[in-house]
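Keep the sequence and the 3D view at hand while reading.

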Amino acid sequence: MANLETTFTGIRFPNPFLISSSPSSINASMIKKAFRAGWGGVVLKTIGMIPTENPCPRMLTLKDGRHKFGVVNIEQISGLTQEQWGKELDDIRAEFPDRPIIASIAANASKSDWQTLVTSLEPHGVNVFEISLSCPITDAEDEIYLNLDAESFHKVVPWIREVSNLPIWIKLSPEPDVVVGLAKAALDAGADAVVATDTMPGLAGIDLDTFSPLPSVNGIGTFGGYSGPGIKPISLRCVANIGLWGKLPVAGCGGISRWSDAAEYHAVGAGLVQVCTAVMWNGFNIVDKMKEGLSKYLDDHGMTSVDELRGKALPQLRPFPEIDLALRKQAYILPEKCKGCNLCIITCDAAAFEAIEMTDDKKAVVSVLRCDGCGLCLGVCSFDAIRMVDKQPG
């Protein structure tokens, strides 16, 4: 069986699946449940200088029928003080002396605040500091958002280095066009790795009867962090961009719900993955299927360790001008699988080339002359009845 153990920034993890900084890591009780379930590590709920009160309600799951695709959360940082976290960490270490613990910390632009957080937590057995600069953390004097100012990396990382030799990870915001620049700034500042990405700023919706933003507290709402499967393509692109640059280790985070999501992140360069929303929806024990699925995948593909998967897809990520435009494809519908639902016809008529018709026996067929091979119908078919095949001459 493939080995899921991996080393990341000098820390040995029993497997690459971590609980991200989230409601699932708010205290010792939750973290010990995660470790008992078999997670490879946990990132603590972000700890600040001043604990925060959280509104009720504060989370809204976005869904279409029974299909859930995201959560918008207006929760703030941890409600525990550094002293309380010290006791929580001691409790965890009594049962799990060796499992990696990453302390997520956040402060304004104050050297003493950052150093106080580090020196108060490190004696209690944390292995890594994850710097949360990707949430809106406002400097009280200059009123700037630290996550939008890469120069803040050059302030915060050296401050922490003065009082700690532990690895430093910086969590980045989901901005694909600038994420490599932020990663470069993190490297220049002396960080050991980056995490891509944090939640995406979002607004869950509006109650059209009361016009209250959702989630609503007595009719009042605010912007929150959007997480879950819906942000995976954006976060995956961010990790891939950093992977293509290739100068700094990166952990993937964003929309990971199953082992195959994790494998995709590894394939574009991630060394670890962090999971949040899927745990909130399905519980800590989902890690069993994640570990089992990833291990089987590695075995089936002749890989003996998860490290062999890292970056496998990067050589095939190219700029658009390198795409072969001479290769032509067309859709082909397997008659034995077609149920005559009409969805492919509707979507082709509305957004493609009006290339699909229904036969008298309620089977969809593709016009070879009109089909342009866009692949839209492939995505709407619920019965796995469509294949993309080479365009036939003539």
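Helices (H or I, at least four residues) and strands (E, at least two) are DSSP runs, numbered from the N terminus. This is a predicted model, in which local features need pLDDT of at least 70 and side-chain atom pairs count only at pLDDT 80 or more, while totals for chains, interfaces and linings use all residues. Residues are numbered from 1 along each chain as its sequence is written, and side-chain values use heavy atoms, with hydrogens and water left out.

## Cavities

A cavity is a set of points on a 1 Å grid over the protein atoms alone where a 1.4 Å probe fits but cannot get out; lining residues have an atom within 4 Å of a point. Grid points are joined across faces, edges and corners, and a volume is the space filled by probe spheres set on the points.

The structure holds three cavities of 30 Å³ or more. Which residues lie closest to the centre of the largest cavity? They are Cys348, Ala352, Cys371, Cys374 and Cys377, out of 16 lining residues. Helices α10 (343-351) and α11 (376-380) each supply at least two residues of this lining. The lining has twelve nonpolar, three polar and one charged residues. Here Ala, Val, Leu, Ile, Met, Phe, Trp, Tyr, Cys and Pro count as nonpolar, Asp, Glu, Lys and Arg as charged, and the others, Gly among them, as polar.

The second largest cavity is lined by 13 residues. Cys338, Cys341, Cys344, Ala364 and Cys381 lie nearest its centre. Its lining divides into ten nonpolar, two polar and one charged.

## A pocket

A pocket is an open set of grid points with protein on both sides within 12 Å along at least five of seven lines. The second largest pocket is lined by 15 residues, and Ser257, Arg258, Ala278, Trp281 and Asn282 are the closest to its centre. β6 (67-73), α7 (259-267), α8 (277-282) and α9 (286-300) each supply at least two lining residues. By class, the lining has six nonpolar, four polar and five charged residues.

The volumes are listed here.

| Space | Volume |
|---|---|
| Largest cavity | about 110 Å³ |
| Second largest cavity | about 80 Å³ |
| Second largest pocket | about 360 Å³ |

## Helix pairs

Axes are lines fitted to C-alpha atoms, for helices over the stretch in contact, and angles run from 0 to 180 degrees between N-to-C directions. Angles under 35 degrees count as roughly parallel, over 145 as roughly antiparallel, 65 to 115 as roughly perpendicular and the rest as oblique. Contact means heavy atoms within 4.5 Å.

Helix α5 (residues 179-189) packs against helix α6 (residues 232-245) at about 55°, with axes 9 Å apart. The two are therefore oblique to each other. Val179, Val180, Ala183, Lys184 and Leu187 of α5 meet Cys238, Asn241, Ile242 and Trp245 of α6. This contact has seven nonpolar, one polar and one charged residues.

The axes of α6 and α7 come within 9 Å and cross at roughly 30°. That makes α6 roughly parallel to α7. Lys232, Ser235, Leu236 and Val239 of α6 make the contact with Asp261, Glu264 and Tyr265 of α7. By class, there are three nonpolar, one polar and three charged residues.

For helix α2 (residues 82-95) and helix α3 (residues 111-121), the axes come within 9 Å and cross at roughly 25°. That makes α2 roughly parallel to α3. Gln82, Trp85 and Leu89 of α2 meet Thr116, Leu117, Ser120 and Leu121 of α3. Four residues of this contact are nonpolar, three are polar and none is charged.
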